[in-house]
Structures are given as structure tokens and as C-alpha cells.
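Biologist: I would like to learn how to read a model of this kind, one feature at a time. Could we begin with a single side chain and work outwards from there?

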Amino acid sequence: MPPPAVKTVRDLLFWQYAAIMTGAATGDKREWALRMSFFGKLQRGEIVWSTSVSEWLLEMENPRVCIYCGQEGALTTEHILPRSRGGENVADNVVRVCKSCNSSKGAKGLYEWKGLEHKNEHSRIAEGKYLKYLYTLFERNNLLDAKLDDLCPCCLKGKCEEEGHPHKFTLYCLEGYFAPEKSAGKP
């Protein structure tokens with residue numbers, strides 16, 4: 001779970017992006033300190049996340065490799081936030097993946113697909129694009145500075161509880177917020 005300093009949607013997006021920047025996955029104290037440093041710099045605008053062009057260039061380094069599993073071969077276009085859940089056909093919401101991963105992920109968001117226990121194990125490119133896309137969606141809806149506690153429970157009902165985080169706003173909530181009303185359980 002994020003530290004107490006993470007209070008808003010913007011904070012949660014920056015906190016998770018800071019994990020990408022540091023490669024944070026082990027929970028080591030030095031790693032945590034570096035992640036907190038990047039988080040603070042993102043909040044203050046001292047550093048910014050990479051551009052869509054940078055992400056595209058990284059993707060093109062291995063144009064025939066699945067961004068999710070690394071398998072080489074024929075790829076399909078995958079919407080990280082599925083179109084069935086309101087995802088748009090824009091650069092920050094699409095990646096090239098193998099048919100197996102595309103089929104396995106189906107209509108799930110990135111974090112829902114792999115589960116919160118694997119939240120730091122996603123492709124850096126896919127997760128970076130996804131976080132920027134979620135930022136855009138929340139910004140468009142004037143919700144970036146919304147307090148996390150005020151938004152919950154808006155997510156995919158029951159997922160937080162399944163992961164042992166009852167009534168806590170998580171990454172599931174971020175991607176579930178824009179799901180169609182009938183499946184998202186929005187108030």
C-alpha cells in the first residue's frame with residue numbers, strides 16, 4: 001500500500017510511476033527512499049514522465065515482441081484500458097501483444113489482469129503508458145486532486161477485499177473508475 005503522503009488520485013498515479021522509475025519491487029529501504037524522492041519530484045514538477053514518443057521509440061526497439069510476455073511473432077493491438085470499459089484508441093492506451101496475452105487479458109484492466117500482488121511486475125512501457133492515460137482520463141474529469149477516500153467505493157466491486165485491502169483506494173479503483181456503470185458499481 002502507498003504511504004500516508006499519497007492522498008489524491010494524482011498522488012497515487014505519481015507514486016506508481018515512481019515505482020517504474022526506480023524499478024521498485026523489493027521493498028528495500030534504499031529503494032523506498034529513492035521512490036519517495038522521485039514521487040516528491042513528480043509532485044513538485046521537478047521531473048516529468050516520459051512522452052508518448054519516447055514510449056513509442058522504446059516499443060519499436062523490439063517491434064515483433066509481445067510487450068507483456070516477450071514472445072516473438074505475430075502481434076495484435078491491445079487496448080490497456082479495454083474499449084469495452086471506455087478505453088480510447090489513442091497512443092497511450094495501446095500496445096502490441098501476442099494473441100495469447102490479448103486473449104488472456106480480455107476485458108480486464110492491466111492491474112486487474114495480473115492482480116495487485118504483481119503491481120510492480122508489469123512491462124515498464126505498458127504500465128507507463130497506462131498511468132499517463134489514466135492521468136489524462138482523471139484530468140479530463142477534474143478528478144486528479146480528488147481525495148482517494150472520497151472516490152471509494154467506485155472500483156470493481158470486491159477486488160480490493162479479495163486482495164486483503166478492504167475499503168482502501170487501490171490501483172484497481174483507478175482503472176475501475178471509468179468502467180461502464182453496471183460493472184463498476186459507481187454511486
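**Reading the model**

Modeller: This is a predicted model, and we can start with glutamine 16, which, leaving aside its neighbours within four places in sequence, is in contact with Arg35, Tyr111, Lys119, Asn120, Glu127, Leu131 and Leu171. Glutamine 16 is placed in helix 1.

Biologist: Is glutamine 16 buried or exposed?

Modeller: The cut-off for buried is under 20% relative accessible area. Glutamine 16 has a relative accessibility of 2%, and therefore counts as buried.

Biologist: Which residues of helix 1 and helix 6 meet?

Modeller: From helix 1 come Val9, Arg10, Leu13, Phe14, Gln16, Tyr17 and Ile20, and they meet Arg124, Glu127, Gly128, Leu131, Leu134, Tyr135 and Phe138 of helix 6. Sorted by class, this contact of helix 1 with helix 6 has nine nonpolar, two polar and three charged residues.

Biologist: How far apart are lysine 7 and lysine 147, in sequence and in space?

Modeller: Lysine 7, in the segment before helix 1, is 140 residues from lysine 147 in sequence, whereas their C-alpha atoms are 5.7 Å apart in space. Apart from its neighbours within four places in sequence, lysine 7 is in contact with Ala146, Lys147 and Leu148. With a relative accessible area of 48%, lysine 7 is partly exposed.

Biologist: What is there to say about the phi of asparagine 142?

Modeller: Most residues other than glycine have a negative phi. Asparagine 142, by contrast, has a phi near 55 degrees, a positive value in a residue other than glycine. Asparagine 142 lies in the loop between helix 6 and helix 7 (148-151), and with a relative accessible area of 72% this asparagine is exposed.

Biologist: Where is the pLDDT below 50?

Modeller: Where pLDDT is low, the predicted coordinates should not be read in detail. For the protein chain the mean pLDDT is 81, and 81% of its residues reach 70 or more. Over residues 182-187, however, the pLDDT is below 50, although this stretch has 15 contacts in the model beyond near neighbours in sequence.

Methods. Residues are numbered from 1 along each chain as its sequence is written. This is a predicted model: local features need pLDDT of at least 70, side-chain atom pairs count only at pLDDT 80 or more; totals for chains, interfaces and linings use all residues. Side-chain values use heavy atoms; hydrogens and water are left out. Contact means heavy atoms within 4.5 Å. Helices (H or I, at least four residues) and strands (E, at least two) are DSSP runs, numbered from the N terminus. Ala, Val, Leu, Ile, Met, Phe, Trp, Tyr, Cys and Pro count as nonpolar, Asp, Glu, Lys and Arg as charged, and the others, Gly among them, as polar. Buried means under 20% relative accessible area, exposed over 50%, partly exposed in between (1.4 Å probe, protein chains only). pLDDT is the predictor's confidence in each residue, from 0 to 100.
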